[in-house]
Amino acid sequence: MSTFPTSVSAIALDFTWPDGTEVFDGLQLAVGPGRTGLIGLNGSGKSTLLKLIAGELTPTEGTVRIAGEVGYLPQNVTLDTTLRVDEALGIDATRAALHAIEAGDVSEEHFTTVGDDWDVEERALATLDQLGLGHIGLDRTIGELSGGESVLLRLAALLLMRPDVLLLDEPTNNLDLYARRRLYAAVQAWSGVMIVVSHDRELLDLVDQIADLRSGEVVWYGGNFTAYEEALAVEQEAAERMVRVAEGDLKKQKRELSDAHVTLAKRVRYGNKMYAQKREPKIVMNARKREAQVSAGKHRIMHEEKLKEARERLDEALVAVRDDDEIRVDLPYTAVPPGRSVLTLRDLRLTYGSGVPGWFELRGPERIALIGRNGAGKTTLLRTITGELAPLEGEAEVHVPLRFLPQRLDVLDGALTVAENVAKAAPDATNNRIRARLARFLIKGARADQLASTLSGGERFRAALAALMLAEPAPQLLMLDEPTNNLDMASVRQLTGALDSYEGALIVASHDLPFLESIGITRWLLLDGELRDTSVEEVRELMAMN
């Protein structure tokens, strides 16, 4: 753990949701200056912990202490679209006072409002420029900005606050490749206390230490995420070795207990034989019999204690081994033969200006990465392909069963259980079949009867993916829009495994370059006004230029 003075601390922290779901029970946390990456499985309480630190939630029991002012960037940024940029930055009053003074109004109230912040406009413009937002100015309205620009604008407001503690919850969600580079630079330049929750490997490789939240406790690792993975691999290898040793000891104790039972049985038979033959006086024989029974009892108890201890050692060793299950998607009828026409786009012009000129065709089980800046029209293109949006010109024709997983996971009905959502998509499937299939997506037992609205981000993702993949007819074209948003590392690995076993055609719109490279992309498409073929090398060059 960091040796710096503590800036954020949680002491005996308890938190339980109103429905009785317990998140923390006696959590202890101490964070000092520097950049801390907070990681953990979906549902482990990372976002809840940030909200408790930010004061947006109140602990059930325990205390949160902060040394200084807190700035908090939530996972889902919502800004009033009617606000001007300077209002979103929180500098509108100071700016208005400055302009009044410059115009000759020397009222005391204006000087009080400005205080020492005479360079507020220059600092604001410099901060916006640092984040790639220098072009938007201070007088535009929020409604003119893209989702990614809104996230960066909210971060700019926090940087202008100059808080002592900066909390970032999945800050790269919805950011394009270029905007991510700007955010990475801002994180690297941060000199105060920062706690960042993220699944973005590149971002996590910029932190100074990793806090791994698991089972309501935090385990600390020095260094960035790469160093954490290396340390964890060493830990797991040692843990698995201890399991093997404990398993060997358990087998040995079982064998020794069995051998002891055999030996004792032989002694009893010999004693009975001696007693029956009455070779010694009865009082001596009875004394020896009692002595043998006491000895046998002590011997049995000793071996049973050793066996119990061996089992306890094995249980302790097993606890240290992480066993995060993987999604399995071995569904029939999703395979697409090579050369089969899957999708055709003809002279397509989208509602927001982008387009696909000429003829575009997807054939066979191709795996396409769809990339481009925020606002380029990637989501619009996907929704046009599904038929949700009508093109201004041209046509999109899908030749195989299609399923689409949107960014917001709104394919699920929150008022229905997970099993009911799947049954809705596959009405001919029996309840047993649905539950057996859901188990392959790690949704087992009572989890299948949970309302979709109560699921964590990762659980909701798995449920949405299950509903799509289990739908009938089985999808031979699967389209995913920013699928790694809000997913922890384990869930990203699960998604990668699921896509590895999917045999249909795939179109993935994503800004997560490491993820795209991990799923076997066969064709890279850049949407920048028009759709064109590109390569991962060109994508990296474009990122470096921005």
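Which residues of α1 are buried?

Figure 1. The structure is a predicted model, in which local features require pLDDT of at least 70 and side-chain atom pairs count only at pLDDT 80 or more, while totals for chains, interfaces and linings use all residues. Residues are numbered from 1 along each chain as its sequence is written, and side-chain values use heavy atoms, with hydrogens and water left out. The buried residues of α1 are K46, T48, L49, L50, L52 and I53; buried denotes under 20% relative accessible area, exposed over 50%, and partly exposed the range in between (1.4 Å probe, protein chains only). Helices (H or I, at least four residues) and strands (E, at least two) are DSSP runs numbered from the N terminus. Just after α1, G55 adopts a positive phi of about 85°.

**Figure 2. Surroundings of L52.** L52 lies in helix α1, which spans residues 46-54. Its relative accessibility is 3%, so L52 counts as buried. When neighbours within four places in sequence are set aside, L52 contacts L13, F15, F24, L57, T58, P59 and V64; contact means heavy atoms within 4.5 Å. One of these partners, V64, is in contact with L52 and stands 12 residues from L52 along the chain, with 7.5 Å between the two C-alpha atoms.

**Figure 3. Helix α3 and the elements that cover it.** In α3, the residues T94, R95, A97, L98, A100 and I101 are buried. The cover over the buried residues of α3 includes α2 (85-88), α4 (108-114) and α5 (120-130). H99 also belongs to α3, which runs over residues 92-102. H99 counts as partly exposed because its relative accessibility is 36%. The C-alpha atoms of H99 and H110 are 9.4 Å apart, for a separation of 11 residues along the chain. After α3 comes G104, with a positive phi near 105°.

**Figure 4. Crossing of helices α12 and α13.** The axes of α12 (residues 418-425) and α13 (residues 431-439) come within 10 Å and cross at roughly 110°. α12 is therefore roughly perpendicular to α13. Axes are lines fitted to C-alpha atoms, for helices over the stretch in contact, and angles run from 0 to 180 degrees between N-to-C directions; angles under 35 degrees count as roughly parallel, over 145 as roughly antiparallel, 65 to 115 as roughly perpendicular and the rest as oblique. V418, A419, V422 and A423 of α12 make the contact with I434, R435 and L438 of α13. By class, the residues of this contact comprise 6 nonpolar, no polar and 1 charged, where Ala, Val, Leu, Ile, Met, Phe, Trp, Tyr, Cys and Pro count as nonpolar, Asp, Glu, Lys and Arg as charged, and the others, Gly among them, as polar.

Figure 5. T417 is located in the loop between β14 (402-405) and α12. T417 has a relative accessible area of 12% and is therefore buried. Apart from neighbours within four places in sequence, T417 is in contact with A448, D449, Q450, L451 and A452.

**Figure 6. The chain as context for the close-up views.** The chain contains 17 helices and 18 strands. Of its 546 residues, 46% are buried. Among contacts with a separation of 6 or more, 71% join residues 24 or more positions apart.
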